[in-house]
Structure formats: C-alpha cells, structure tokens
Number of protein chains: 6
Amino acid sequence: MLARRVLHSAFLGKLRLFPEALSSVAARRSQTDASRRFNSPLTSDQLPRPAGICSMYRLPIQKDTQGLDVCFVGVPIDAGTSNRPGTRFGPRQIRTESVMVRTFNKETGAQPYQSLQVADVGDIYVTMYDIQRAAREIRASFTKLIANGCKTLAMGGDHFITYPILQAYKEKYGAIGLIHIDAHLDVSEHMNGCDITHGTTFRRAYDEGILDPSKVIQIGMRGSGYTPKDYEWPVSKVSPPYDPTGLTSLTAANLLFEMLCVLPGVKYSDVFV
Amino acid sequence: MLARRVLHSAFLGKLRLFPEALSSVAARRSQTDASRRFNSPLTSDQLPRPAGICSMYRLPIQKDTQGLDVCFVGVPIDAGTSNRPGTRFGPRQIRTESVMVRTFNKETGAQPYQSLQVADVGDIYVTMYDIQRAAREIRASFTKLIANGCKTLAMGGDHFITYPILQAYKEKYGAIGLIHIDAHLDVSEHMNGCDITHGTTFRRAYDEGILDPSKVIQIGMRGSGYTPKDYEWPVSKVSPPYDPTGLTSLTAANLLFEMLCVLPGVKYSDVFV
Amino acid sequence: MLARRVLHSAFLGKLRLFPEALSSVAARRSQTDASRRFNSPLTSDQLPRPAGICSMYRLPIQKDTQGLDVCFVGVPIDAGTSNRPGTRFGPRQIRTESVMVRTFNKETGAQPYQSLQVADVGDIYVTMYDIQRAAREIRASFTKLIANGCKTLAMGGDHFITYPILQAYKEKYGAIGLIHIDAHLDVSEHMNGCDITHGTTFRRAYDEGILDPSKVIQIGMRGSGYTPKDYEWPVSKVSPPYDPTGLTSLTAANLLFEMLCVLPGVKYSDVFV
Amino acid sequence: MLARRVLHSAFLGKLRLFPEALSSVAARRSQTDASRRFNSPLTSDQLPRPAGICSMYRLPIQKDTQGLDVCFVGVPIDAGTSNRPGTRFGPRQIRTESVMVRTFNKETGAQPYQSLQVADVGDIYVTMYDIQRAAREIRASFTKLIANGCKTLAMGGDHFITYPILQAYKEKYGAIGLIHIDAHLDVSEHMNGCDITHGTTFRRAYDEGILDPSKVIQIGMRGSGYTPKDYEWPVSKVSPPYDPTGLTSLTAANLLFEMLCVLPGVKYSDVFV
Amino acid sequence: MLARRVLHSAFLGKLRLFPEALSSVAARRSQTDASRRFNSPLTSDQLPRPAGICSMYRLPIQKDTQGLDVCFVGVPIDAGTSNRPGTRFGPRQIRTESVMVRTFNKETGAQPYQSLQVADVGDIYVTMYDIQRAAREIRASFTKLIANGCKTLAMGGDHFITYPILQAYKEKYGAIGLIHIDAHLDVSEHMNGCDITHGTTFRRAYDEGILDPSKVIQIGMRGSGYTPKDYEWPVSKVSPPYDPTGLTSLTAANLLFEMLCVLPGVKYSDVFV
Amino acid sequence: MLARRVLHSAFLGKLRLFPEALSSVAARRSQTDASRRFNSPLTSDQLPRPAGICSMYRLPIQKDTQGLDVCFVGVPIDAGTSNRPGTRFGPRQIRTESVMVRTFNKETGAQPYQSLQVADVGDIYVTMYDIQRAAREIRASFTKLIANGCKTLAMGGDHFITYPILQAYKEKYGAIGLIHIDAHLDVSEHMNGCDITHGTTFRRAYDEGILDPSKVIQIGMRGSGYTPKDYEWPVSKVSPPYDPTGLTSLTAANLLFEMLCVLPGVKYSDVFV
C-alpha cells in the first residue's frame, strides 16, 4: 500500500521525476488515441489461467518496441549476487505468476490497457559468465529499446542491472531521478575488489553523473551494516529457487501492474474519480 | 483479530443473522443441559499430538448428526478452481493440523465443549468429475445433515461448494444472511461459459433468492479486476500442495475454533466476563 | 532406456503401427526437402538457458499447424484425476524444463530438426469445469491440428485426454494402434458413476472402435487392484505441485525428444549409422 | 521385488518363522469362515480418495483387537533417533498415503480382505519425553493387542520400538525368528551411554533371549561403520518432514500391503495359482 | 521492533534485571579496554558469504569461554517437544543463516564487536535419548561456561533447555529476572506425566526458587488453552525441517544480534547518540 | 558401485594415474608412522550428529595443509553455471550432510583415518563477480595447498573450478591423468563467447598441455547434444537450493569418503583382506 501511494504520487507528477517523459508520451498519445487499438492480456475467460505460453500477463510478444508506449522486458542474470543466487530465473517466474493479475485497477480506477500500447519483448541477451560484458550488453539493449520513447518495466535479475539500465536512460534523457525501494543504500565503493556488483550500483551511477541527486529518494533502508557509514544488501526470499509457492513472484507481478498503472498517460475509470 | 471480532458480533446476535437458529438451539439446550455429557477433543495429555486418527481436533467420529448441536464436515472437491487445484485435500490437512488447537478460548472465555455437543461426521461423498452432479450431491448431503437443527462447520474444498450448502440452508430456514470474507465478490455470471464455478457462487445464490440482501456482508474485497464492475478470486497459498509447512491449514483450524466459539449457546468462563 | 528402445522399434516400422503416417510423411517430405528451411530450438549459445519466453525447447511459436510436420501442443487440464491434481500445469512446467534438452540425439544419431518442420502451437482452449465439454473441445482442437497431416506430440494434462485425442486420430486415419506405457490398464467401465475419467480412457476408446486391438501394446502394468480383473491408476510424482525440483518435467521433456527422434522421416547422422 | 519374495517365502512357511502362529490362525479360521463377514477398505468408487477420515487403507477403526486376525497399529515416537527426527509422524503419513493402495494383489493373486479380519486400532499411547517409560508402555500395549492371537502390523516410529514389541511377542510365543531389512545391524552395546536407542535394538533383544538366532536373517547391511565390528543406522528419507511428496510413506503403505498378503491364512485367486 | 525495544530497555538497566552482571562486566572491561583486541565476524568482503566454516556470524571458534565477555553456544536437542521435532538442528541452521548479519547496528548505533570479546564455543554435548540426563548435562555445561562471568547467548533446541540453563545462572547469581517472549506460559505441572518437557519449564524454575517473580515479564501470551488456568506451547515454524527458506533461522540470527547489542558494556556510535 | 570400483582400480595403481604421488606419500609415511597421531572425525558417540560446528566429517579444522597428507577444501562458486545456480553452497551443504558418514569402509576394509593425516582447511577465498579473476585465485590457492605434497579433495562449486585446480597440479607434477565422471565432455571452445565456463573446462586444460591424454578416462557421457561433435553439461539436482532433503549432498559426502579410502597409503583391515 505504501509502495502504491509513493509510486502514485511520484509518477503522476507530484515529485516530477519524469516531466520530459510525461510530455513526450502525452504529445504522442494525443495524436494517436483515436486510431490506435491496444493490446490486452488474455483474460481467464479467453483462456484458462493454467493455459498458454507464459508471456507477461499473457500479453502479445514482439521482438522490439516498435509502436509501444511501454514494454515488459527481462534481464535474467544474477552474477552480482553476494549470497543466494537464482534471480536469473526471476523474469521467467514473474511471467508464470503474472497469469493471476487482471486488467483493471480496482483501487485507483486505472485502466492501463485502454491507454497505452503494451507488449512483452522477452528477455535481452546477457552473458552470464562475465559481469563487465553483461553490463555493456544490458546498456546496449536498453539504449535500443528506449530509442523511440518507449518506457521499460524491467524484471531482474539482481540489483546490479539497474546501473547499465540507468546508463541507457541518462544517455537519452540526461541526469534522471530515482525512487529506490530497498533495505540498503547500495553505494559501496567496491565488493570483493570488484566495481560492478549488487552492492555498488548507485555508487557507480553517482560517479558517472547519471542521477540528479535532488530527485533521488531511497525508501526502506534498514537492518545491520558494517560501519556507521555503510550499509548493504540483504538476503531475499525467499529468488525463485527459494520461492516454492511463487508468492514473491506474484508480488512482483502485482507491483509491476501498479507501476504500469501510474505511468503518464494512463486513463482512469470515472467511477473511481 | 478482525475476523474474530466480526464473527463474535455477528453470531452473538448483534447482526442477528441467525435468530431462528439461536432460539431453536436455546430451546433444545434448556431441556438437555442437565442430563447431557459432551464430547471433547483429546488433549495432548490424553494422547500426544502426533498420535491418533486425525479427526477434527481429535473429536469423536460419527456417521450422522444425531444428537449433535454442531458438526464438522468436509467437502473434498476442487473442481471449480480456476488456477491452482489441491483444495480437495483441504479437509484432510485441516484435520491434521487441528491437533494443535486446544479446548478453551483464552481471549473470550468461551468454553464450547462444555456447551454444545460436537463431533466430526467425516467427509460427504462428492463426485470429482462432474461439477453439476457434485453440486446436487452436496446439497442433498447438507439437507440431511441439518434436518435435525444441527449446525455445520464445513471445510472445503473450493468456493463453489458454498452455493449448494446455502441451497440446503435456505430450504430449511428461508432466505438467510451471510458474512463473506474473501478478496473477490464471486458474482460473475459465467466463467468459461460454465454456471457453477468458484467465481459464480453468489450470483447463483442471489438468482435463486437464497440470500437476504439486507443481511449480507462482504469483507476484504481487493486486488485487480477485469472491468470496473467485476472482480474475482485470487491465487492463495492455500491449497495443501502449496502449503508445505501446514501453516494455512493451521490457520483454518484456528479460525474454525473461533467460529465454534461464537455459535449460539456457547458458555463463557466467569473469569473473562 | 527401455522406453527408448520400444519407441524406436515401434515407430521405425518394426511394429508397423503407423504405416499410413509413414508413407504420407515420406511423400510430402521428398517433395519439399530441398526447398525448406527448418525451425530449430534456441541453443544456450544463442540465448542462455534461463532467458527467453518458454516455448517447448524454445522453438518458434505459431498459432496453427500450417506447414508443420510435427507440433508440440499442451492440454492443460486435470479434471479427471482421482487423487492428486495439478497436471493442468504439466505443459507449462515441461516447457520450462525443456530448455535443458539439446538438438542432437547422441545415442541414436537422430537429427530431427534437420528433418522435420517442428513448432510449438501453444495450449488448446479447454474448459476446466465440465469434463464432458472439455472432451468435446479437445477432440475438436485435435481434429483441426491434424487435418493437414501434421503429427501432434501432446503434453497433458491427465490421462483422460488420450480418449478425445484418439477420437480425432481415428476420424482421420481409421482404427489405430497404440503403445500405452502406464501402471494400469485404464479400462474401467465407470469411476464414481462417471464415463470420462482418467481410469476409463481405453474402455471408451475400445467401445467406439477407435483402437485396432491387434496393434495395441500395454507396457508396465503393475501394482495392486480392486479385483482380479480390474486395475487402475497409481499416484504419481508427477503433477507439478509435487515436483519441486522439476525432475519429472525434465524427464517428460527428454522423453518427448526421444519420441520426436523416432518419428517417420527423421534423418540420422552418418557417424552413428 | 526382493522384499516381496523374501517375505513371501518366509511367512508362507519355507523359513518356518511362525509355525505356532500359523496353526493357531488356521484353527480359528476354519471354525469361523462360514459365518464371518470381513472388513474391507473403502474403494475409490465408494468414496473418492481425497475424502474420508484417514485410517489405514480406510479400513474400519476399532479400539482393541477383539475379533481381529490382524491389526494395523501406530507407534508414533522418534525419541531414539540419532540424526533427523520426525518419524513420530510416520503412522499419520502412512495412513494418509495408504488411500492409494487397493485390495487385490495382482502379482501374487492374494486376496487378504476375503481371508482375514483386519482393522486399524489407531496409535498406542506412548510418552515422548522418556524413552525408558515409552519402551515399557509399548511392551504393555502390544502384550494386550496380541493376547487373543491377533497379529500386529506396526507402523513407526524409530527403530527402537522393535525391541519392546519383540518383548511382547516373546512373552506369548517364546523365542522368535526375525527378518530384519536394514542398512545396519543395530547391535551396538550403547549409544551416548544409553541402553535403548535406535542403534541398540537387537543387542537388547539378543541379551534377553528374545530372538532364536537360527531364525534371524539380516538383509541389506551396507555403508560405512566406525570399526570393523560395528555398523549402525543411516539417515533415511526419510521421516515425514523430509518426505514432501509422500513417496516414502506410500512405499511403506505398499510394503505393509505385501506383508498383509503373505500372512498365514490368506486366500489366493485361482486365476494366479 | 517491539522485541528490540523491550530488550533495549530491559538490558540497559531500566528494568535492572542484571545489575550484578552489569557491574561485573563494567569492572572487568575498564581494566582491559586499552590492551584488548576484539574478535570480529568475517565480513563478506573478507570472505564471500557462501564461503567458510559456519560458526555463528563466522566469528572465531574456541573450546571454552576463557577471555570472553559473551559466547554463542548451541544446545541441539528437541527431546521435550510435543508436536513437530527438528529444533535439534536449530543451532546449525541459525549459524548457516547468520552469515547475512553484519557488525554494526544501524538503528541504535551499537557497535558490539568494538566493545565485547565474543566467540562461538560450538555446541555442548547433550544426550538425545534421556531428557533427565540431558537436563543435568546442560546445567553442568552452562555452570562451566559462565564460571568466569562470561554471558551466554544460547541457541536451541526446544524450550525445556531454559530450565537447566536458569539453574546454572541461579547457582552463580542467585534468583534472577527473566524476559520471556512466547505464546504460552509454560507453567504446566506435568505433561504426559513427565516433569521436564517444553511446557513445564517455568513451573520447575519457580518451584526451585530460580526466578525472582518481581523481575519476571512474560510477553506475547495468546492462543487457545485447555482450561481457564492453563495455557501451553504452540506449533512453531516453523523447526529447521519446516523452514526450507531459512527465514525463521535468519530471524533468530537477527534477534540474537539485537540481544548482543543490548548487553551491558556495548559502545554506541556517536553518530546515533 | 561402479564409481567405487573404478576409483579403486585407478588409484590403487592399476591405471597408474598417480605413480609419483604414490611414492612420495609412501616415502613420507614410512618415516612417520610410528610417531604420528592421526586426526579422526567425531563419532556420534563422542558428540551426537546434530551437534557441533560442521567441518567435513567433523574433522579438525586448520588454516593450511601443514602436516597433512590429505585435506578437504571447498571452492564455493557457481559463476560458470549455465542453468541452475546454487552450487556455491555445495561445500557448506556437503559438510552438513557429512555428519552421517562414519570412519570405516565396511565394503573394502579401508581405514583411512589410521593411515593418513586428514583435516578440513575450510573454503578458499574466491571472488564471485569475476570468473577470470576467480580462476586465478583458485589456481593460486591450490598451488599453495599442494606445495608440501598434500593431496586435495575439493568440493565445488561448478565444473569450471577443475581447470584452475588442474593448472596447479600440472605446475607441480607435470602433465597428469584424469578420471572424469560426467554426462558431458566439457570440451566446448566457447560458451556465450566466454573462455572459462562449466562447459569449456577440459578444452582449456587440453590446450595448455595440462592433461596426459593417455591417462584420461571420461565415464558416463550421455544425453542430447547440439551437434554430432559436441556435448555438454546437464542440469543437476540436483545444487543445494534444489536438494531440500540433502540427498545429493549426502551422496557427495559418501563419494568423497570412497575417494579418501582409495588414496595411496590407506591401510586395510585384515578382516577384509
């Protein structure tokens, strides 16, 4: 609920994190609304939930972002994880559990699939054996995905992937804002002498001027640390091999729906306004 | 805690959902209190918890409801489930975990086993391969179970079983009230073109005049839906194959004890009044 | 190993179960070999195994069988199961584990993807709440899938689905042979008074003249039964909720590869001949 | 298969382990066959497998062995286990999985439920906090259970329970034979300075003259030991908390059926003779 | 959070539960601070988390408490448990999950490893087959561990171990105070006729004058009981065999860190004061 | 059993894989036998199995290989895995399950702990975020461990670790022989364009002249491949997160004991000769 409210305020402009994005989407949408037909997830009435190829929410699959306002994309890698690995299967399991999520946001009235063109573009190619190279591959893939103004809702994957994704966004939009929900700051200089890990993500981003510090919010910092100045990343379920009931992935699928619902341009049902 | 308070208020007459039931039990009980001996669950001192045939709370087992104020009864079917099946094992696993529940309600002072004659009547026969026929079988079994005024605390089973159970109650008591704790309204007209499913339960009940709308309360509605007018049933941990620690079944066993404790006629310890 | 040898002998013509099929494929293939380009699964070098939308073996997905020699197709239903349900998730989990299976059969030299046009056509629509209707839907879907001579490698789903699938094949090819690997005969007249269940499959098929008894082999019959004349279906690990390591599904994916490799028309590497 | 053949030979008299038992049963049975009606497990057609109170094979439950040739009885204790506990839940889980076992032994033709009066007498009371006292309680319970010549098929529980059970049998029948299927001899003098543990079972039995060494067979001894003279008990899957699929318990339920089938007095179907 | 605050207040002297301990530690610490070098857990930068022998927090291991202010010690026994066993593996799994806990308490500023000499002294020897003897062994081991004024942070094991541990503390410090966080009072006279079980712990302690009733606080009492005067111990995850994700053990490891942080003598970072 | 016999023949000189090692151990041992005292694992009588810090077989822990004939050492990394990660926890879980393995090899009579000085030297430091660097760290650590002639029994970790370990051995002993038990050859030129992965291990070793091809045996090659010339590595339980019962780790612990038992210099009990 907290996450929903924060995202709602932030994206809808109160924090004005993405004003450029807002106007660019608005401009494009005003031209196209009348003529466009939008993708929509398969409902359980169209095809029972246990059935069908598992794309995100069982949306159409396409190879690039042509014509899309928003895409779901997976980054299946866990090479930067310090304890339990397995988040390489994150995108796969989130897609599996996403069959439970429906199309209408009862709480806020948002109707994203009547407002934005959305599809699943699958997973990007990312080498699992060389984290430096993987970072370059992620950056290159996202640069391409967002070239036409499409927004990405990315599914990981461990936390280091945020760094090359931010690189791609900065290249297009300039220094950007960030809402970071986590238990740790992830601003370590190094981990085990390595530059790119799940605990050094935002140090790297800050060093390269990717973030506009006036628009960065970190929520949820807690737990034990090594020194008064330095916190880090906690164990998490809880990673698909540790999530036998799929509950964490279902939560991820629900949260991604909330994120979709607060993107600029989403229409709201009159009933709830 | 919320569930306990709602049940407490509702059953004890503030919402007056079952006034007829209240008086019929009271009448019968006044005649019999002096002469009756009540069943009681085996305590862990009488027989250690891992031991014994798993009836509900390790109460005596009997074949029908003769002489009972209340019975526990299982309806082991999941033919109406839209995603994860397995609730057919619900009664079995609730009984297994019920060995942890004791006889005295410390919070409210209720002493149900000194007030009501309770037993486990096992599971009803219900075909698993034909949902229409299963619904008829459930209705017939419950008609018989409640013929003598006995109350049922039923363990499912997926949500569709509520519909034929309500049919049986309506036949005896007329249109009835309902406290429905769920995440979805379950009032769909159809699912996959079928009349009887876990998502059409209360639409069917309403259509047949089973429910008195002035006495229906729906609690907990939330989540995403398909349209502004229509919500449905979410995945739940639920189902025994997805509940390896038995925690959900233990919760069910505890909740059933709370329901037992607020039935009309239950005596309370003076200490707590 | 036993299964591989049996399938190898049977399909390659020693048992001559499908002579018509053999010649029809041969005829079509001889015309097309030169000009066709075949689908091939993604290798782990093209895309790492944890990545990508999970189609069977990560083959291309298409909506019908146009141009195909063989298709993989899922029938996600478990409405006929007598004990543990969950096989409705069979196709999904087999696809998930199928990423481990490669393209070349080292034991026999078979190179199916250089011989046949293969794709994943997804899951058919099948109602989960009405087994009679589901049987009709399965028959209709398979009738359509095989109309152009395409072969199906079907992933279930519980055993009753074999009956409507056989109906579709009989309609096209006449009475057919069968290799049935199971622990029970599945020839009960009824189960719980129902005609279509996982234990009545071949009784129904026999009654309708679908099977050519001279070409039916039942392998693996064992276990306890109810009477000297009647055996049935055992519990199986089976079912995805009871298969947390995915081992059963991986076995299924490997067995399906073996079945693919012995289909008429598959070429063999010279090295192994 | 090995276990089945060994049991078959042994009990049917080739090893003549229980000649007295054989004749006593035979005598009693010859008098009663005409007039007796035998108990029989519920079949899945009488009540679907997921339904019903879980007695062993869903046989009738009775409190003592009056009128029985054979009883199933649980001894839910694991106080003697040296590594993983949890076998206290053995009887409960074996009963749960036993719903899969049918009434007719297809391999040998045995029809035990047309030959012997069998019931489930539940679990004996056994203290979990004091192993010496538990041993005395087990001995006393079995002395009572077998007083009328009834045979026991006991479900544990860890291996130490064999010792007090043998004490009871010796008291009635004199020194007895034993088929012991295990990985270790279980003849340690002490474990952690204690007399009664899962590793000292047969040392105690031997010391007290319970066993007739000429009729003792130990099968399956293997694994590593501490000294050339001493082996012990291995980890086993074990124990219900480590058996999430129920496979070990199902195996136990099947093996118990085989043991039932080779008891003296069991009739065989003509078809198989 | 509640637990943290209660512990914080209690140990820091507001409840004055351990004034003697406080002064004895203070006296010894004032003499030694300058010259002592403190143990510290391995950080994930010194050795990655999945690596290394699992001592508690990967602290140094030593055989006794010589030179220590505080020790971690395991008591791996579950012989007093009334339902699910397995807590004998508690110390092992808490150590395993403890690799996630860091050295600095961000919430309170506590820096225990710059204030106290801490080590892991392993597990005490405790017989698993005889609870009376086990209680004597636990008492003797703790008497020895605390002889030099060292404090113990003990990891169980089931609740009965508290009784012999309290015996050892009483012998050294006189009647003592207690903060007892639990769902039940654990003051039964007997369980199954036995004196020492997980439900009789504090009755035994009270009977022997171990506790100073004016300094005993019981927090969290809830659930159902047998009579208005008597409550007992609930099922708990609940035991390593029932905790496949390690979440309960990780919680235990975090709570033990909080307990370490509020011990007398712990220094606090200026930043947080 | 096959593995045991192969290892037995190979190490005892029939294949003469390690003649140098054999003589060097023999020389050193002849000087020291009289005066040396050997380490031995804790037996379950010295300390119950659930107790104690989990070193391998609960052997003494030491920081280097001084005075050792053989050491157990962990290499906790899975950065080269192509599908399921988690083998970084391999050494930890093998140690955990190793408490079940005893000291005497009943099958062959081997008494390794009366013949060789063995200890657990813990896990080496290995970076998890950079596989090239990790390979250098592994090589350096093993170079140091074997400098004094000590043999290593290494616990992984994924298959790529074999390559840097072989580098260290080659540096000391020259080109060496190898018994490779696997399902795949692991001789790919590259995987995802990377040199060092779990599928390129022996290609790298061969390229550098580490292996003496006349002394290399590959056993167990099977499964499907990509081309007639190229096989690879299969999914394995199969990795601790996928091995909830610990069975795979227990098998590993047993196999390591067999390997220990066939090392040059191990004495055999007369009873078995």
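Let me start with Tyr57(B), which is found in the loop between helix H2 (19-32) and strand S1 (70-75) of chain B, where helices (H or I, at least four residues) and strands (E, at least two) are DSSP runs numbered from the N terminus. Please keep in mind that this is a predicted model, in which local features need pLDDT of at least 70, side-chain atom pairs count only at pLDDT 80 or more, and totals for chains, interfaces and linings use all residues. Residues are numbered from 1 along each chain as its sequence is written, chains are lettered from A in the order in which they are written, and side-chain values use heavy atoms, with hydrogens and water left out.

Phi of Tyr57(B) is near 55°, a positive value in a residue other than glycine, and Tyr57(B) is buried, at a relative accessible area of 2% (buried means under 20%, exposed over 50%, partly exposed in between, with a 1.4 Å probe and protein chains only). Most residues other than glycine have a negative phi.

In chain F, Arg58(F) lies in the loop between helix H2 (19-32) and strand S1 (70-75); its phi is near 55°, again positive, and Arg58(F) is buried, with a relative accessible area of 4%.

Turning to chains F and A, the contact (heavy atoms within 4.5 Å) takes 27 residues from chain F and 27 residues from chain A. Of the interface residues of chain F, 100% are also interface residues in chain A, so the copies meet through the same surface.
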